[in-house]
Each structure stands twice: as structure tokens, then as C-alpha cells.
Amino acid sequence: MKKYTNEEIAEIYSVKNRKLPEELVKQANSVNIMDYIEKKGLMVQKCSRGTYQLAEHDSLKITPADNVFNWYSRGEGGYGAVGFARVYFDMDFRSAVRDVMENADELVKTVDYSKYKKVEE
């Protein structure tokens, strides 16, 4: 799979409404949801084995093993960092792919899940 640089991404987005290359979309969809959430500076808490939640939105649950999330209070959910960006930050698809990819080079490739504290009941 081709690895896109920030310059190549900027070139793709320089043409309004240009179709996004399939490889770019695949690359964005492969970004781990927890990596993206961490990069965006959102506070995460462990709530059960293999499940995490946002500190500010305890109904937004994240299951990193499946790279999915569910925001139960809003009846929304999705897959991966692109899906999360679309729902949480209210982005359209093109904007979500760009945001994920612009941060991808700086993302931590493996998340240390032990640092997240369990939510106190």
C-alpha cells in the first residue's frame, strides 16, 4: 500500500471535489481509533476489560480490539478513526480522511493501554 506524505495529501485536496485515491482511504481507515483519539488530545478512561470511554462523554464507548466505537446516548457508532472523526467532530468524509491522514505520521503506532485508569463506580 502506498504511503502518502503530507505534501501528496495537500496536492490531492488542492483540487476541489477530486475523488480520493482508494489507497488513501484504505490507509486512513487502517489508523487505530485509540491512536487518533490520543493524538487529538481527548481524555480516555478504561471502563471494562477491552472497553474504554471518553472522560467527557461516558456513553461513548471504544473497543480498540475491533477498532469500533458506539456513542450510546446519540445512537451513533462506527469503525476506525475516520468514522470517529465524522461522528465526534461532525466532519464530512473528505475532511475526516484528511484530518486522520494529516496526523497519521505523528501517531503512536502502539497504544499503552495500561496507562488508562479504570472508571471509579
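Predicted model: local features only at pLDDT ≥ 70, side-chain atom pairs only at ≥ 80, totals over all residues.
## N67 and its surroundings

The side chain of N67 has a polar atom lying 2.7 Å from the backbone nitrogen of I33.

N67 counts as buried because its relative accessibility is 8%, and the cut-off for buried is under 20%. If you skip the neighbours within four places in sequence, N67 is in contact with N29, V31, N32, I33, G78, Y79 and G80.

## Two hairpins around β4

Take the β3 and β4 hairpin to begin with. These strands run antiparallel and are joined by 4 bridges, with 4 residues between them. N67 turns up again here: in the turn, N67 has a positive phi of about 60 degrees. Across the pairing, V68 in β4 has T63 standing opposite.

Now look at the other partner of β4. Strand β5 (residues 76-79) pairs with β4 over 4 bridges, in the antiparallel sense. V68 shows up here too, with Y79 as its bridge partner in β5. The β4 and β5 hairpin has 4 residues between the strands, and G75 takes a positive phi near 65 degrees.

## The aromatic cluster

F69 and W71 also belong to one aromatic cluster, along with Y36, F84, Y88 and F89. In the structure as a whole there are 7 aromatic pairs. One of them is F84 with F89, an edge-to-face pair with 6.3 Å from centre to centre and 85 degrees between the planes. Why edge-to-face? Because planes over 60 degrees apart count that way, and the planes of F84 and F89 are 85 degrees apart.

F89 is partly exposed, with a relative accessible area of 29%.

## Charges over the rings

For F89, it's K40: the charged end of K40 sits over the F89 ring, 5.3 Å from its centre. For W71, it's R74, which lies over the face of W71 at 4.2 Å from the ring centre.

Terms used. Residues numbered from 1 in each chain as written. Heavy atoms only, no water. Phe/Tyr/Trp six-rings, centres within 6.5 Å; stacked < 30°, edge-to-face > 60°. Buried < 20%, exposed > 50% of the residue type's maximum accessible area, 1.4 Å probe, protein only. Lys NZ or Arg CZ within 6 Å of the ring centre and 35° of its normal. Polar contact = N/O pair within 3.5 Å; in protein donor to acceptor, adjacent residues only side chain to side chain. Contact = heavy atoms within 4.5 Å. Pairing = 2+ DSSP bridges.
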